[in-house]
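Colleague: I would like to go through the terms used for this model before I rely on them. Please set each value against its cut-off.

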Amino acid sequence: MSYIDNNLVPNERVMYRAHLHWKIFAPALLLVVLTIVLVTLGGITKSVDHPEGGKWFFMASGAAIIAALAAFLWELLNYKSSEFAVTDKRVIIKSGLFNRHTMETLLTKVENISVEQGVWGRMFNYGTIRVTGTGGTTEPFADIARPLEFRKHVQAETITWEERKDSGAPAPAAAVAGGPLREERECPFCAERILAKAKVCRFCGREIPAGA
């Protein structure tokens, strides 16, 4: 199961998924092709002129091809291990296989999401997204496929969340007719208002530490 699917909170749905762009494979593929071409041409020359030297040339060439294929496999692992999603509650991003980098931000805490694209990025539809949270911290993620589409879904889900929140807003803390006061506090993780006795935040889904 993917990182995103494994970390969804109850009743959370994935609305959009993005991936790294295929351009990340271009350098490795170019290296593979060039290595094969040079090995083929050089091997023919060595075999004709110096039969004994041709044997060693082919051994060295085999090592070069293996190194080129390893570079391609590394990028493939990077592609498979990077996940980008917009849910109906959060923006969830995970990148890196060994040095993992994750970001999980509530839609209501996303102040800005910008897209940077150069000439090649506009031509082949990839770019860098920068997610800025309410604390002013900016997280950049490069080589995202269809970055404008990702931003559009973040904006759409944020608007939907705000509308849903406004339409279903709970009654004020002191205004349940004839009933006890509704004691609330802020979630220490997402700063949303929750019941004082709540053990799990209904917004971010995290467990509230005792005495928080």
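Modeller: Patches are made of residues with over 30% relative accessible area and no salt bridge, with nonpolar side chains (Val, Leu, Ile, Met, Phe, Trp, Tyr) joined within 5 Å and like charges within 9 Å. A salt bridge is a side-chain nitrogen of Lys or Arg within 4 Å of a carboxyl oxygen of Asp or Glu. This is a predicted model, where local features need pLDDT of at least 70, side-chain atom pairs count only at pLDDT 80 or more, and totals for chains, interfaces and linings use all residues. Residues are numbered from 1 along each chain as its sequence is written, and side-chain values use heavy atoms, leaving out hydrogens and water.

Colleague: Which residues form the nonpolar patch on the surface?

Modeller: W22, V119, W120, M123 and F124 form it, with about 600 Å² of accessible area together. Accessible areas come from the Shrake-Rupley method with a 1.4 Å probe, and for residues only the protein chains shown count as cover.

Colleague: Why is W120 called exposed?

Modeller: Exposed means over 50% relative accessible area, buried under 20%, and partly exposed in between (1.4 Å probe, protein chains only). W120 has a relative accessible area of 54%, so W120 is exposed.

Colleague: Why does E207 count as exposed?

Modeller: The relative accessibility of E207 is 63%, therefore E207 counts as exposed.

Colleague: Which residues is E207 in contact with, leaving aside neighbours within four places in sequence?

Modeller: Contact means heavy atoms within 4.5 Å. E207 is in contact with F189, K199 and V200. The C-alpha atoms of E207 and F189 are separated by 9.5 Å, and the two residues are 18 residues apart along the chain.
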